[in-house]
Amino acid sequence: MLIVSIFICKTLPSLAVIVVATAVLVLVSKIPFKTVLKSIKPLAIIIAFTAVLNLFYGKGEPLVQIWKLKITQSGIMTAVFMAIRIITLVVISSLLTYTTSPNELTDGLERLMKHSISMTMTIALRFIPTLIEEIDKIMSAQKSRGADMESGGIIHRAKALVPVLIPLFISAFRRANDLAYAMECRCYRGGDGRTKMKIMKFHARDYISLAAVIIFIALLVSFNFIFTKVI
């Protein structure tokens, strides 16, 4: 719900509220600030690229003009707005994975959705580190055979990734087939007739947290009508 609230935000005051709320969540979660920065670092190029693009989509008198490209005050505000929006999105998403174990995520998803959907999402999360490790092994193997993946233009680098992607897809399908065979051998038949070891129930703090988030989103929606929208 907090991630959805980021997309509802369209004014500077609502963005400020989200930034403050995100900072409070980081402090409450007791996650080291360096760890939070690490989650933002891989997306730094995307954040910068998005900000630069939005610089040229503003309206009003141009502050700087380069050929037909104009940088206006509204363009600068939009660029900063979008950059902060993406950063808060990444931080809040990271907080979920940092503070909640895969088993807890599975229990929550199973409680909210069907067993098959939660099982699929959990397996997908489980194999992300495995696929990353597989990519490193394949790239190291290709480089040891003389493959050049770092020099040249974009087209050359894209072509150089083909010898990596094909073995990766083959390995992924092989792992999926092995996993399906292992689940069949253990008589896995989906959610039909299954019982739960952990019965999840709502407690007072859950209702309080849910009410706080709903009030928070209502506040952001009201800000969209009260203040001038940036986007």
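Tutor: The radius of gyration is taken over C-alpha atoms, and the globule rule is 2.2 Å times the number of residues to the power 0.38. This is a predicted model in which local features need pLDDT of at least 70 and side-chain atom pairs count only at pLDDT 80 or more, while totals for chains, interfaces and linings use all residues. Residues are numbered from 1 along each chain as its sequence is written, and side-chain values use heavy atoms, with hydrogens and water left out.

Student: What radius of gyration does the chain have, and what would a compact globule of 231 residues have?

Tutor: The chain has 23 Å, whereas a compact globule of 231 residues would have a value near 17 Å. Its C-alpha atoms fill a box of roughly 70 × 60 × 30 Å, taken along the principal axes, and 26% of the 231 residues count as buried (under 20% relative accessible area, with exposed meaning over 50% and partly exposed in between, for a 1.4 Å probe and protein chains only).

Student: How many helices and strands does the chain have?

Tutor: Helices (H or I, at least four residues) and strands (E, at least two) are DSSP runs, numbered from the N terminus. The chain has 10 helices and 2 strands, in the pattern α-α-α-α-β-β-α-α-α-α-α-α when read along the sequence.

Student: At what angle do helix α2 and helix α5 pack?

Tutor: Two packed helices are described by the angle between their axes and the distance between the axes. Here helix α2 (residues 12-29) and helix α5 (residues 73-99) pack at about 25°, with their axes 10 Å apart, which makes α2 roughly parallel to α5. Axes are lines fitted to C-alpha atoms, for helices over the stretch in contact, and angles run from 0 to 180 degrees between N-to-C directions; those under 35 degrees count as roughly parallel, over 145 as roughly antiparallel, 65 to 115 as roughly perpendicular and the rest as oblique.

Student: Is I138 buried or exposed, and which residues does I138 contact beyond its neighbours within four places in sequence?

Tutor: I138, found in helix α7 (residues 115-144), is buried, with a relative accessible area of 10%. Leaving aside those neighbours, I138 is in contact (heavy atoms within 4.5 Å) with P163, V164, P167 and L168. I138 and L168 are 30 residues apart in sequence and 7.6 Å apart in space, C-alpha to C-alpha.

Student: What is the phi of K30 near?

Tutor: Most residues other than glycine have a negative phi. The phi of K30 is near 60°, a positive value in a residue other than glycine; K30 lies in the loop between α2 and α3 (33-40) and is exposed, with a relative accessible area of 73%.
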